[in-house]
Amino acid sequence: MSSLPAPDAARLAAIDEHFHFGLSAEELEEFVPAVAGTLAATAAVEQLYERTAPAAPNRSWTSPAADENRLGAWYVTTSLTESVEGPLAGRTVAVKDNVAVAGVPMMNGSRTVEGFVPRKDATAVRRLLDAGATIAGKSVCEDLCFSGASFTSHPGPVRNPWDESRNTGGSSSGSAALVAAGEVDLALGGDQGGSIRLPSAFCGIVGHKPTHGLVPYTGAFPIERTIDHVGPMTRTVADAAAMLGVLAGADGFDPRQPDAIEPVDYHAALAEPASGLRVGVVTEGFGTPVSDPDVDESVRVAIDALGSAGLTVEKVSIPWHTDALHVWNVIATEGAAYQMIDGNAYGMNTDDFYDPELIAHYARRRIEHGATLSKTVKLVGLSGRYTFEAGGGKYYGMARRLVPEVRAAYDAALARYDVLVMPTVPYTAEEIPPADVSLADYLRVALSMVGNTAPFDVTGHPSCSVPTDLVDGLPVGMMITGRRFDDATVLRVAHTYELAIGGFPAPPVTSATGSSA
């Protein structure tokens with residue numbers, strides 16, 4: 001029999017009130033046995049599922065000591081290798097802790113997920129292991145991955161290796177810090193509003209958000225299906241291309257993906273000369289209300305390097321770029337409140353690869369530990385639930401109807417240019433705020449940097465951040481965006497820039513206490 005008890009009339013009365021069915025007490029009593037009778041199917045499904053559900057493998061892992069984790073970037077460490085051959089043989093990888101590594105704890109930066117141990121590897125993890133990579137551990141991420149900074153995560157903030165008083169950007173905060181500090185060769189990140197590209201820019205590494213659906217999201221904790229991405233975070237463009245070649249391709253489980261994806265050798269494509277390619281400099285990406293002029297200038301210098309390398313550079317205006325953030329905001333708040341919070345991450349009504357154990361674990365702990373959630377998640381819940389209740393979903397529907405218009409605006413520019421460029425972030429990494437920071441400052445530090453990155457999560461275009469000249473000793477990034485499923489051209493332009501400037505800088509060597517050596 002199912003572990004689910006049959007409801008009594010009082011429980012049905014609460015459900016009746018939720019749906020406004022208007023049932024009388026007598027009618028509710030009549031429904032009690034009727035509802036109980038439907039639970040036979042629930043019991044059967046539960047038993048059938050358990051026949052084939054895998055058990056979590058026995059994999060060793062360690063919680064790192066504080067003196068081994070000075071940046072706060074590791075959640076747990078491991079050393080998992082399953083092949084000595086493949087394109088990533090001998091390379092160490094940190095996996096963002098919203099991505100399942102079977103048998104290894106997953107927290108997703110949140111007390112509401114703490115204690116969960118996945119039974120099955122995410123597709124991306126399986127592909128990394130099959131390619132010879134060594135999984136070195138799980139990297140800390142922001143609370144349910146909803147912050148562009150790095151101070152909302154449990155068990156604590158992640159510190160920037162360039163200046164440990166500053167945040168790394170988020171939500172793939174630990175992944176960026178570990179790659180920048182040289183503690184791993186590669187890292188896996190996730191991106192719903194810029195969460196690969198923002199920390200990559202703030203930490204001075206390469207971060208590539210693939211075309212939506214190019215890399216399977218299967219086995220990663222969802223926020224909102226239409227903006228969920230996973231992708232590589234590396235020190236060089238060549239490493240990002242090699243990693244993307246391993247990760248890309250349909251897995252048959254992820255509804256975000258097309259049925260078939262043409263294989264591309266992204267690493268080999270870097271050898272094709274980029275001279276003659278056309279670069280559109282998006283004017284709306286510069287001089288925003290939160291832009292630091294020195295950051296804009298650093299990116300303009302990087303664009304000049306592309307011109308010197310033989311690419312054709314012109315300015316282009318895309319007015320939709322400014323309004324696209326409004327579309328993203330509605331999808332990312334109302335959509336995430338509906339799926340990530342009320343829907344316990346997965347929601348329903350799509351042919352997805354659901355994780356019933358994670359759904360149940362998070363559903364229970366979300367109620368028990370909801371008070372510990374970050375203020376960014378609480379903002380999503382309060383705003384998204386309010387607009388859903390007020391409009392019944394119409395505002396989300398309006399935003400989804402506008403997405404084709406936003407996408408078409410970028411596509412029109414990309415019909416004239418091979419790539420579009422602009423600053424990844426509008427300013428350098430800010431200091432980690434104190435615990436008693438005001439709500440206004442908390443939200444500003446966590447969310448005010450997404451203006452250029454978030455639109456491409458909505459449209460699905462591939463977008464890569466590469467480091468530009470330091471600004472006051474801190475990294476920033478140039479974002480290169482291309483046509484959907486033409487990630488190869490984006491990476492070719494990024495690689496050409498890297499070669500033109502002679503490589504990217506690394507943070508200063510620091511001692512265990514964080515002082516300059």
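Contact means heavy atoms within 4.5 Å. Keep that cut-off in mind for the exercises below. The model is predicted.

**Exercise 1. Leu 178 and its contacts**

Find the element that holds Leu 178, decide whether Leu 178 is buried or exposed, and list what Leu 178 touches beyond its sequence neighbours.

*Solution*

Step 1. Leu 178 sits in helix α4.

Step 2. Its relative accessibility is 1%. Buried means under 20%, so Leu 178 counts as buried.

Step 3. Set aside the neighbours within four places in sequence. Leu 178 then contacts Ala 73, Trp 74, Ala 94, Ser 139, Glu 183 and Val 184.

Step 4. Asp 251 is 73 residues from Leu 178 along the chain, and their C-alpha atoms are separated by 28 Å.

**Exercise 2. An enclosed helix**

Work out why helix α3 is described as largely enclosed, and name the elements that its buried residues pack against.

*Solution*

Step 1. Helix α3 covers residues 123-130.

Step 2. Its buried residues are Thr 123, Ala 124, Val 125, Arg 127, Leu 128 and Leu 129.

Step 3. The packing partners are strands β1 (74-81), β2 (92-96), β3 (134-139) and β6 (186-191), plus helix α6 (237-247).

Step 4. Look past the end of the helix. Gly 132 follows α3 and has a positive phi, near 95 degrees.

**Exercise 3. Salt bridges across the sequence**

Take the pairs Glu 82 with Arg 126 and Asp 185 with Arg 91. For each, state the N to O distance and the parts that the pair ties together.

*Solution*

Step 1. Side chains of opposite charge can pair when their charged atoms come close.

Step 2. The side chains of Glu 82 and Arg 126 form a salt bridge at 2.8 Å, N to O. Glu 82 lies in the loop between β1 and β2 and Arg 126 in helix α3, so this pair ties together parts 44 residues apart in sequence.

Step 3. Glu 82 is partly exposed at 43% relative accessibility. Arg 126 is partly exposed too, at 26%.

Step 4. The side chains of Asp 185 and Arg 91 form a salt bridge at 3.7 Å, N to O. Asp 185 is in the loop between α4 and β6, and Arg 91 in the loop between β1 and β2, so the pair ties together parts 94 residues apart in sequence. Arg 91 is partly exposed, with a relative accessible area of 24%.

Step 5. Widen the view. Glu 82 and Arg 126 belong to a network of salt bridges that also links Arg 59, Asp 121 and Asp 130. The count for the model comes to 30 salt bridges.

**Exercise 4. His 361 and a charged partner**

Locate His 361, list its contacts, and find the salt-bridge partner of Glu 114.

*Solution*

Step 1. His 361 is in helix α10, residues 356-368. At 12% relative accessibility, His 361 is buried.

Step 2. Leave out residues up to four places away in sequence. His 361 touches Thr 112, Val 113, Glu 114, Gly 115 and Phe 116.

Step 3. Pick Glu 114 from that list. Its side chain meets that of Arg 111 in a salt bridge of 3.2 Å, N to O.

Step 4. Glu 114 is partly exposed, at 26%. Arg 111 is partly exposed, at 27%.

Notes
Residues numbered from 1 in each chain as written. Predicted model: local features only at pLDDT ≥ 70, side-chain atom pairs only at ≥ 80, totals over all residues. Heavy atoms only, no water. Helix = DSSP H or I, 4+ residues; strand = E, 2+ residues; numbered from the N terminus. Buried < 20%, exposed > 50% of the residue type's maximum accessible area, 1.4 Å probe, protein only. Salt bridge = Lys/Arg side-chain N within 4 Å of Asp/Glu carboxyl O.
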